[in-house]
Amino acid sequence: MDIQEAVQQVSEAMASVLDIDVIISDADFHIVGDTKKHFKRDVTEVKDTYVIGQVIKTGILQVVSGKDDCEPCLSCMQQASCNLQAMICVPIHHAGTRIGAIGLIAITSASHDKLLENQCNMIEFAERMADLIVSKLREKEAALHLTVAKNQLTSIMNSIDEGIAATDESGSIVYLNSILEDMLGAPNRALIGRTVTDVLDVPCVAALIADGVEFNNVELRAHHAKSEVHALMSGRRVNLENKNAGAIFALKKMEDVYQVINKLTGSPVSTSFDQIIGDSAVMRQLKDTALRVATGSSSILITGESGTGKEVFARAIHYASPRSKSPFIAINCAAMPESLIESELFGYEEGTFTGGIRGGRPGKFQLAHGGTIFLDEIGDMPLHLQPKLLRVLQEKSIEKLGGHKSLAVDVRLIAATNKDLEAMVERGEFREDLFYRINVIPLRIPPLRERPKDTSLLLSNFLDQYSAKLNKKIKGFTADAERALLSYPWRGNVRELANVVEYAINMEPSAYITTNSLPFRVLGKREALTPAKPPPTWRSTEQQMIRSLCDELGTSVAAKRQIAEELGVSLATLYRKLKDMPADAAYGRFRGNTSIGYPQAAWPPR
C-alpha cells in the first residue's frame, strides 16, 4: 500500500501491452493494482478462496484454463459477476517473504487463447513485473531510510552547540543548522544557495573553497543583520572518491569557548562567607561589609599580610554576587614574568610574536567576561602596564597585543596586595589614578595575631580537615601543644597555621597532637614568649629538639637532610651540632654515623 500508485501504474501498463485484465494484491488481501475489467462490481479486497488468494497463501503459481476447470471458481458465489475466461497468477516475494501476487486475467475468447498459448512467456513477464514492483518497494524503503537518516542528522546538528554549514564544490551553501542561523541572525531560506564567502567573508574560507586549504580555530568577528558573530571557526574539505564534494564549516561561540576554558583551568569549588572561619568582632564586621558590597559592581581592593586569606574573601564576594554563575579568574601579578603578564591579561593576535599559538589567544579579561577577575599582588604589576589596566576599567574594553580592535568586556575587578600602595604612590612606584580606580571599596583583612579568638577555631577546623585528608584519627591537642600554638605570633597567618597543623598531624603517632610533633620554630617562639618560667638554654633546647627529631625520623641520610631542613641549617652544620652533643650511649651513634658521604678521615666536615 506504500507504493500503491506505482503498482497501479504497473498493472495498467501490463494490461495495455497484453490486452488483458490485471489484478495485484498484497499479502493482506488488499487490492493495490486493478484494471477492473473482469468483475462487474468494484471491490477493494480479495478473499483467500479466490485464485489469487490461494497463491498468496501457498506461494504456488497457478494457471486457470477456465471456470469449469478451476475448483475455486466452481465453489465461488460470485460466478455470475465474474468475466474470467483464463488466468495466470504468480506470487511476489521480497527479502524471503511473500508480499502479494499478480493475476493476469483473460476476459475474452481471443485473450483466453493468447494467454494459454503463450503461458510460459506470460509467466516470465508476470515474474519480471513482480521484480519491478519489488524494486519500487526497495526504492521506497531506501527513500524512507534516507529521510529518517536525514532527520536524525538534522536533529543531531541542531542539538550540538556549534554552528554548522555545508557547501557544494562551488562554495554554495547547501545546509546550515539552527545554531548558525541564530549566530548569523538570518533564516535558513535566506542563506541556502548563497556563496559561503558572501556570508563568512574571511580569507581562510575563500582559501578552503578555492584551494582546499583546511584550517582550525581561527577567530572570526563579523557583523550580520542585527548580530555580531564572534566565534572560533574551523573548515574541512569533503572528498568523494578523491574528488572535491564541498566543505564543512564549524563555528564555536566565543562565550562557549571561554566557559569551557574556565571549567578546565579554574577551580570548581565555590566559596561562601559561612566557610570563612572567624568569629572575632573584627572578622564578623569584615564579612558583613564584604557581603553587603558583593551585590554591586564597584572595584574592590583587599589588603592584608600574606596568608590572611585575601583570595578566599575575593571568591566569597564573587559567589555572593549576581555574577556567581559566570567565571572567576584569578591571576597572581607577582608570580608571572613581566614579559608575559600583558599577553596573559589581554591576549594576543596570531603572528604577534614567535612561538604564539595559531589563531592567537584570549586574555584573562576575555575569559572573565560576565564574571570577576581577581588580580592578586597588584602592587607588583609593572608600571608600564598600569595605564592599560586603567583604560580597561574606565572604558570596559581591551585591545589584544598585535590587534587593532577594541573588544568589549564586562568584568568586576577585585585586587589584592600585601604592600602599602599609598606609600608606593608617593614614591612614584604605582599610578595614583589607578590606585583610586581600584580602591573604590577597601577591605582590610586583619592578621591572625590581631584576632587571637579565631586561632582556636582555625586550629579545630584544620585538625578535622587534615585528619580526614591524611586518614589519621587525631582527636585534639594536648594542653602544652595547644598553649604553644595559641602563644605563637603566626607571622604567616592562616596559611602558616594550616601548614603547622598539617605537619603535626603527619608527625604525631598518638591520638593527640603533642609538643613533640610541632615544628621547632613554634616551640622556640613559644619559649621566647613565655618568660614566667625560666627557659632552658638555647643550646639545651636545640639539642633536645635534635634528639626528638632523630628519634622520630631515624638516622638515614634522607632523615638527616630532613632534620637539617626543619632546623633551617645546612647538613654540615647539623653534623657539627651532633658532634657537640653529649656522647652518651643512646645518641653517640648519631654523631658517629658518617654515611652522608664524607670519608672518615675528613670528619668533621669543614
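Residues 585-589 keep a pLDDT under 50, and the model gives them two contacts beyond four places in sequence, where pLDDT is the predictor's confidence in each residue, from 0 to 100, and contact means heavy atoms within 4.5 Å. Over residues 591-606 the pLDDT is likewise below 50, and this stretch has 23 contacts beyond near neighbours in sequence. The chain as a whole has a mean pLDDT of 84, with 88% of its residues at 70 or more.

This is a predicted model, in which local features need pLDDT of at least 70 and side-chain atom pairs count only at pLDDT 80 or more, while totals for chains, interfaces and linings use all residues. Residues are numbered from 1 along each chain as its sequence is written, and side-chain values use heavy atoms, with hydrogens and water left out.

**Nonpolar cores**

- The largest nonpolar core has 39 residues, and those with the most contacts inside it are Phe462, Leu485, Leu497, Ile513, Leu518, Leu567 and Leu574; such a core is a set of buried Ala, Val, Leu, Ile, Met, Phe, Trp, Tyr and Cys residues joined through side-chain atoms within 4.5 Å, and buried means under 20% relative accessible area, exposed over 50% and partly exposed in between, with a 1.4 Å probe and protein chains only.
- At least two residues of this core come from each of helices H18 (453-469), H19 (479-487), H20 (493-507), H21 (520-528), H22 (538-553), H23 (557-567) and H24 (571-580), where helices (H or I, at least four residues) and strands (E, at least two) are DSSP runs numbered from the N terminus.
- The largest share of this core, nine residues, is supplied by H20.
- Apart from it lies another core, of 36 residues, which includes Val257, Leu345, Leu413 and Ile438.
- Not counting residues up to four places away in sequence, Ile513 touches Leu463, Ile474, Gly476, Phe477, Thr478, Ala481, Ala504, Ile505, Glu508 and Leu518.

**Helix H20**

- H20 is mostly covered, since 11 of its 15 residues are buried, among them Asn493, Glu496, Leu497, Tyr503, Ala504 and Met507.
- The end C-alpha atoms of H20 are 21 Å apart, which agrees with the 21 Å that its 15 residues should span at 1.5 Å a residue, the expected span being 1.5 Å times one less than the number of residues.

**Asp21 in strand E1**

- Asp21 belongs to strand E1 (residues 21-26) and is buried, with a relative accessible area of 0%.
- The side chain of Asp21 reaches the backbone nitrogen of Lys36 at 3.4 Å.
- Leaving aside neighbours within four places in sequence, Asp21 is in contact with Asp34, Thr35, Lys36, Lys37, His38, Gly103, Leu104, Ile105 and Ile107.

**Positive phi outside glycine**

- Ala95 has a positive phi of about 55° although it is not a glycine; this residue sits in the loop between strand E4 (86-94) and strand E5 (97-106) and is exposed, with a relative accessible area of 67%.
- Lys396, also not a glycine, has a positive phi of about 55°; this lysine lies in the loop between helix H15 (386-395) and strand E16 (397-398) and is partly exposed, with a relative accessible area of 41%.

**Cysteines**

- A search of the whole structure finds zero disulfides, a disulfide being a pair of cysteine sulfur atoms within 2.5 Å.
- Cys204 is buried, with a relative accessible area of 17%, and Cys333 is buried, with a relative accessible area of 3%.

Note on methods:
A polar contact is a pair of N or O atoms within 3.5 Å; within protein, one must be able to donate a hydrogen and the other to accept it, and residues adjacent in sequence count only if both atoms are side-chain atoms.
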